[in-house]
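Thank you for making the time this morning.

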Amino acid sequence: MKKFTLTSIFSQLLLLIFVIAWIAPTFGLFISSLRDKDVLAISGWWTSFTTTEVNEIYRTKGKDAQIKEGEYYYIKSNLFRENKGKEIFRFGVTSKNIDEYEVGETALFKDGTEITVSENGDYIWKSQNEFKKKKGKRVFVSAKSPPSFTLDNYKEVLFKEGLGQAFLNTFAVALPATLIPLIICSFFAYALTWMKFYGRDILLATIIASLVVPLQMSLIPILTIYNDFGALFGVAAKSFPGIWMAHTGFGLASTTFLLWNFLKSLPQEMMEAAKVDGATHYDTFIKIVVPLSVPAFASIFILQFLWVWNDLLVGLVFLDKHPSEIILTAKLKELLGSRGENWEILTTSAFVSMAVPLFIFFSLQRYFIRGLVAGSIKG
Amino acid sequence: MADVNLKSVKKTYDKTEVIHGVDLDINSGEFIVFVGPSGCGKSTLLRMIAGLEDITEGEISIGGEVVNKIIAAERGVAMVFQSYALYPHMTVFNNMAFALKQAKTPVDEINSRVLEAAKILQIESLFERLPKQLSGGQRQRVAIGRAIVRNPKVFLFDEPLSNLDAALRVQTRIEIAKLHSQLTATMIYVTHDQVEAMTLADRIVVINQGVIEQVGTPIELYNSPKNQFVAEFIGSPKMNMINIENGEKFDLININPPSEADKIGIRPEHLSLANNGSHKLKGTVRHIENLGEHLLCYINLEKDNEITAKLDVNSDIKINEKINLNWHQDHQHFFDSSGLSIF
């Protein structure tokens, strides 16, 4: 049995706080993105699971809808344009007294006409004289609104706001910009760890040193160099290959360093056994190192992918803003400016951009558990 | 099967020389054990034969062919490592077949050779397992099997038993000896454990600080060590060394050491209790360990020397008792001041 010491309780509490601090906003964002945009604007996401009371104003139909039955003229219709399962429990016909009548009662307008409203919004408006006005009259209702969720926001954001295209663009940036450095760096890290060549230590020191060079410092010079070279071969200044190369370059040092760190933990005797068994460095790398490095590859893949996915700066510098190139983060920033008040758009867009990192993390996290090397060495 | 010849082999790391010119001829089919304290260079020497370390100076030849410039895989050697060094992601079968696959051996031949090796070691039933599903002893068998499969001219063992527990160590030791008589291949075995060396070797090579101290059969090393280092290294508990001060015989009576002798050496198992008068040595018992089959007595001599004696269990001695010790004169060794034996 594990003992509950003060430290362990403290660390458990801390963990709990972290979990809540992470889960609560994510979950809230997700729920918000599924809510109706009108409701979203007036109440918090936590109210969306219970039936809430709302006060709303609807307008009846005008004279065009009237029918004559016997001596009376009637307008029969429903107050709600679409049925979302709301239940009316009181209503009123003046703004001074919006819940004057019980549902089912008959209310009297000033002009003498009578209206009866039932729970589901159906109303019967009865008049002795013909209705003359084109516009109907206002009816105030107090209704119970059941929890309701909708995918409309996603439809809107993905297909009308151009976020779908931005989503694909980001994929087109992130996948190559993750895989290319991973492939290059795995070879590189192997050479740094297990091959003897002149200047190896200096090379390694250079890589570690370049980890501390801030990206912002080299961004513009690199763009200039890239553009000059691009001009030589007639390549557009801003294009996907450009940003792939930029991300590869910026990720090179950290990816190599992390992989080097992992590869040097592989047992030396195993590498020597491979050598005696007749494996060249290439064979050793492909047949032994790569299969054993899957957990390391996965975690580095996650890190680099998330970095590229969430990157805004490099994306803004190396890609244009027109719809076929704009990336998610840039699009989000744009939406924040132009649609800053439309919360349904912002929450949904934010969740769309979060969905992939979440998916990547949860599907690859088992590789974080490193048990694969067990069995090579004694134990 | 091939002989291995080392001609003034030297190894230098940066500027430190760790192997100082080793000459050694290993006959075809011989079981040679390199033994020495840790850091003496025995593993380095083995790794140079294997092709895992460069040879700074000198020549190593296997089967008459100089291998200095030949890569490990093409020297016709197979190595068994201390940590087994199995490939953790491959099944036992694939571990054993890896070298053959690298050499592009036909599939039929791979299968038959792996099966043959597995039969020798009785590990056929483990083929589909991964190394992590095996016990330490099984892993070591697979590692040996991986070496057998390659049908090498020379087997190299780098302390293969030091990760096993005591019982398994004895069992595997016997199996390696059996394997040697079965395969009749040349085997070079590195260990720091002199029991392994004594039991396995045709000839033992005692190495100390990068130099060969003595080469010989186990019995030769035991009976006539060339110098004090070998004398003390072979045998357990180690040989007693008693200073003879300027030819005066304070502790020792009834012996006549040669004039140049500085120390006399007697193995603990050769000491016996004696009556007063016929004794050669007197001392006080400081501590007794009863091991069941014999007693290990720690005895203080009159001068500062302390010795160990393996005595009969039924000996009637007590702590702090003064006792007389004797030995057969064939069992005494004399060493001069530089540590060399005087015969």
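**A walk through chains B and A**

Let me start in chain B, where B:Asp14 is found in the loop between strand 1 (4–13) and strand 2 (16–26). Before I say more about that residue, please keep in mind that what you are looking at is a predicted model. The phi of B:Asp14 is near 50 degrees, which is a positive value in a residue other than glycine. As background, most residues other than glycine have a negative phi, and most peptide bonds are trans.

That background also applies to the next stop, where the peptide bond from B:Ser236 to B:Pro237 is cis, with omega near -10 degrees. Where does B:Pro237 lie? You will find B:Pro237 in the loop between helix 8 (228–233) and strand 11 of chain B.

The partner I would like to point out is strand 12 (residues 261–266) of chain B, which pairs with strand 11 of chain B in the antiparallel sense over four bridges.

Let us turn to chain A, which is divided into domain 1 (51–146) and domain 2 (154–375). How many Å separate the centres of these two domains of chain A? Taken over C-alpha atoms, the centres of domain 1 and domain 2 of chain A are separated by 60 Å.

Strand 1 of chain A runs antiparallel to strand 9 (residues 138–145) of chain A, and eight bridges join the two; within strand 9 of chain A, the residue opposite A:Val54 is A:Ala143.

Strand 3 (residues 72–78) of chain A pairs with strand 8 (residues 122–127) of chain A in the antiparallel sense over six bridges, and A:Tyr74 has A:Lys126 in strand 8 of chain A as its bridge partner. Strand 8 of chain A also pairs in the antiparallel sense with strand 7 (residues 114–117) of chain A, over four bridges, with A:Ile124 as the bridge partner of A:Thr116. Strands 7 and 8 of chain A form a hairpin with four residues between them, and in the turn A:Gly121 has a positive phi of about 100 degrees.

Now for the helices of chain A. Helix 3 (residues 152–160) and helix 13 (residues 343–364) of chain A pack at an angle of about 75 degrees, with their axes 9 Å apart, which makes helix 3 of chain A roughly perpendicular to helix 13 of chain A. In this contact, A:Asn153, A:Tyr154, A:Glu156 and A:Val157 of helix 3 meet A:Glu344, A:Ile345, A:Thr348, A:Ser349 and A:Val352 of helix 13. By class, the contact of these two helices has four nonpolar, three polar and two charged residues.

For helix 7 (residues 240–263) and helix 10 (residues 294–310) of chain A, the packing angle is about 155 degrees and the axes are 11 Å apart. These two helices of chain A are therefore roughly antiparallel to each other, and their crossing is right-handed. The contact is made by residues including A:His247, A:Gly251 and A:Phe262 of helix 7 of chain A, and A:Ala296 and A:Gln304 of helix 10 of chain A. By class, the contact of helix 7 with helix 10 of chain A has six nonpolar, four polar and no charged residues.

I will close with the place where the chains meet: 21 residues of chain A are in contact with 24 residues of chain B. On the side of chain A that touches chain B, helix 8 (268–276) and helix 9 (281–292) of chain A each supply at least two residues, and helix 8 of chain A gives the most, with six residues. That side of chain A has 12 nonpolar, three polar and six charged residues by class.

Terms used: Residues are numbered from 1 along each chain as its sequence is written. Chains are lettered from A and ligands numbered from 1 in the order in which they are written. This is a predicted model: local features need pLDDT of at least 70, side-chain atom pairs count only at pLDDT 80 or more; totals for chains, interfaces and linings use all residues. Axes are lines fitted to C-alpha atoms, for helices over the stretch in contact, and angles run from 0 to 180 degrees between N-to-C directions. Angles under 35 degrees count as roughly parallel, over 145 as roughly antiparallel, 65 to 115 as roughly perpendicular and the rest as oblique. Two residues are in contact if their C-beta atoms, placed from the backbone, lie within 7 Å. Ala, Val, Leu, Ile, Met, Phe, Trp, Tyr, Cys and Pro count as nonpolar, Asp, Glu, Lys and Arg as charged, and the others, Gly among them, as polar. A crossing is left-handed if the near helix is turned anticlockwise from the far one by less than a right angle, and right-handed if clockwise. Two strands pair if DSSP finds at least two bridges between them. Domain bounds come from an automatic or database domain assignment.
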